[in-house]
Amino acid sequence: MRIVQMSDIHTGTPLFRPEMLDAAIEETNALAPDLVAVAGDLTTEGYRWEFEEAKSYLDRIECPNVVVIMGNHDAKNVGYRHFEDLFGLRSRSVTVPIPEGEAKVVALDSTKPDLAEGEVGRENYAWLDSELRGWDRGPRIAMVHHHILAVPGTGRDRNNLRDAGDVMAILRELKVDMVLSGHRHVPYVWSVSGVRIIHSGTVSSLRVRGIIAPSYNVIEFGTEKVAVNLRRPGEGEEPLASFSRQAVTTSEVFPELERFVRYDKASMQG
Ligand SMILES: [Fe+2]
Ligand SMILES: [Fe+2]
């Protein structure tokens, strides 16, 4: 399957560059991906007009499967209400038809109103588990705005996913193929215990760090290989990472997950 992963659109200030988002969307339509994953931070301050502006661009994506999640900026000023009005549920699971079956995408809302940091939260673990455990029709994909692992070249790390350890252990247990994240505005890839953790940069803003230019990711999830390519809108592509399709891990952890992480059973989502 082919995935376009973009994040950190950041409408709302002169740092937003519409020509970059225009180019990224034109290129996305030409790529005809199976899934477009928009990994949060559509806006800068969470204002309705910023969401409306972001939506006016995202509505031009022709892919039938566009999954959009919240970022911390979208949770400012009670922006999550506008998100819900314009994009629907903040957490949801979606199945995506692909040539070799069906991918399962679980979109998580890691944001907290007006906070830069985030967490998935214990109340969501059982739901995440029930959606992904044993899924065998295709890739298992999670989306979460905040970074689970530190991203290099981003300065001091103050707001990674607060429950990163628990979430990482669950993703490992569930044999998740890929986690798609944004937030740090630097594209980077880790592979830990068979879980590929793929960060996209900022697609259309000048809120960059150091020498890293605005970009988005194109992921080719093939039968033999998983390739992640970096695209600068309107300026071509370079390889970012590649993995074998069969997740490679040299470690195994033997104790049951519950020794480390206990699910909150009281509030399972549907
Ligand atoms: Fe951002
Ligand atoms: Fe963010």
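Visitor: Where is Arg-184 found?
Guide: Arg-184 sits in the loop between strand S7 (178–181) and strand S8 (188–192), where strands (E, at least two residues) and helices (H or I, at least four) are DSSP runs numbered from the N terminus. This is a predicted model, in which local features need pLDDT of at least 70, side-chain atom pairs count only at pLDDT 80 or more, and totals for chains, interfaces and linings use all residues. Residues are numbered from 1 along each chain as its sequence is written, while chains are lettered from A and ligands numbered from 1 in the order in which they are written.

Visitor: Why does Arg-184 count as buried?
Guide: Arg-184 counts as buried because it has 26 C-beta neighbours inside 10 Å, and the term requires 20 or more other C-beta atoms within 10 Å, with C-beta atoms placed from the backbone.

Visitor: And what does Arg-184 touch?
Guide: Leaving aside residues up to four places away in sequence, Arg-184 touches His-147, Val-151, Thr-154 and His-199, a contact being two C-beta atoms, placed from the backbone, within 7 Å.

Visitor: Switching to helix H5, which of its residues are buried?
Guide: In helix H5 (residues 164–173) the buried residues are Asp-166, Val-167, Met-168, Ile-170 and Leu-171, and they pack against helix H4 (125–132), strand S6 (140–143), S7 and strand S9 (195–199).

Visitor: What follows H5?
Guide: Lys-175 follows H5, and its phi is positive, near 55°.

Visitor: How many bridges join S11 to S12?
Guide: Seven bridges join strand S11 (residues 225–231) to strand S12 (residues 237–244), and the two run antiparallel; strands pair if DSSP finds at least two bridges between them.

Key:
A residue is buried if 20 or more other C-beta atoms lie within 10 Å of its own, exposed if 12 or fewer, and partly exposed in between; C-beta atoms are placed from the backbone.
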